[in-house]
Amino acid sequence: MPEISRFFGIVIRMFVEAGGPRPRPHFHAYYQDDVGIFAVDSIEPIGGQLPARQERLVVAWAEIHQAELLDDWNALQAGRRPAKIEPLR
């Protein structure tokens, strides 16, 4: 699962959905032993769970980079490598 960004101990990854119908564009955020899954279109949690502070950071980052996240999703689904996205600072 390609890493597309990393900030404040949070790792953002996105991967290709092989076969079957195309799911909703989303990404995974990892923090220590926790993982949250976030929709790209509405920038909301759709699975897993992160601590509240880290979830707020991920949502803020995703709102800033929503267009880039969608570009990365489309690249992965087309078999291309995603681009790195600037971390939250």
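Tutor: Let's start with the hairpin: E1 and E2 form it, with two residues between them. This is a predicted model, by the way.

Student: What is the phi of Phe8 in that turn?

Tutor: Phe8 has a positive phi of about 50 degrees.

Student: How do you know that E1 and E2 are paired?

Tutor: Pairing needs at least two bridges between the strands. Four bridges join E1 to strand E2 (residues 10-13), so they count as a pair, and they run antiparallel. Among the bridge partners, Arg6 goes with Val11 in E2, and Phe7 goes with Ile10 in E2.

Student: Which order do the strands of the open sheet have?

Tutor: The five strands are ordered E1-E2-E3-E4-E5, with antiparallel pairing.

Student: Why are E1 and E5 said to stand at the edges?

Tutor: Strand E1 (3-7) and strand E5 (44-49) each have a single partner strand, so one side of each has no neighbour in the sheet. From one strand to the next, the twist averages 20 degrees.

Student: Why is Phe7 called buried, while Phe8 is called partly exposed?

Tutor: Buried means under 20% relative accessible area, exposed means over 50%, and partly exposed is in between. Phe7 has 3% relative accessibility, so Phe7 counts as buried. Phe8 has a relative accessible area of 46%, so Phe8 is partly exposed.

Student: What makes the rings of Phe7 and Phe8 an edge-to-face pair?

Tutor: Ring centres must lie within 6.5 Å to pair, and planes over 60 degrees apart count as edge-to-face. The centres of Phe7 and Phe8 are 6.4 Å apart and their planes are at 85 degrees, so the pair is edge-to-face.

Student: How do you know that Phe27 and Trp61 are edge-to-face?

Tutor: Their ring centres are 5.8 Å apart and their planes are at 80 degrees, so the pair is edge-to-face. Phe27 is in strand E3 and Trp61 in helix H1, 34 residues apart, and the pair links distant parts of the chain. Both Phe27 and Trp61 are buried. Phe7, Phe8, Phe27, Phe38 and Trp61 form one aromatic cluster.

Student: Which residues have the most contacts inside the largest nonpolar core?

Tutor: That core has 22 residues, and those with the most contacts inside it include Ile10, Phe27, Trp61 and Leu69. H1 gives the most to this core, with five residues. Setting aside neighbours within four places in sequence, Leu69 is in contact with residues including Ile4, Met14, Phe27 and Trp61.

Student: Why is Gln32 called exposed?

Tutor: The cut-off for exposed is over 50%. Gln32 has a relative accessible area of 66%, so Gln32 is exposed. Gln32 is in the loop between strand E3 (26-31) and strand E4 (34-39), and has a positive phi of about 50 degrees although it is not a glycine.

Student: Is Ile43 buried or exposed?

Tutor: Ile43 has 10% relative accessibility, under the 20% limit, so Ile43 counts as buried. Ile43 lies in the loop between E4 and E5, and its phi is near 45 degrees, a positive value in a residue other than glycine.

Note on methods
Residues are numbered from 1 along each chain as its sequence is written. This is a predicted model: local features need pLDDT of at least 70, side-chain atom pairs count only at pLDDT 80 or more; totals for chains, interfaces and linings use all residues. Side-chain values use heavy atoms; hydrogens and water are left out. Axes are lines fitted to C-alpha atoms, for helices over the stretch in contact, and angles run from 0 to 180 degrees between N-to-C directions. Buried means under 20% relative accessible area, exposed over 50%, partly exposed in between (1.4 Å probe, protein chains only). A nonpolar core is a set of buried Ala, Val, Leu, Ile, Met, Phe, Trp, Tyr and Cys residues joined through side-chain atoms within 4.5 Å. Contact means heavy atoms within 4.5 Å. Rings of Phe, Tyr and Trp (its six-membered ring) pair if their centres lie within 6.5 Å; planes under 30 degrees apart count as stacked, over 60 as edge-to-face and the rest as tilted.
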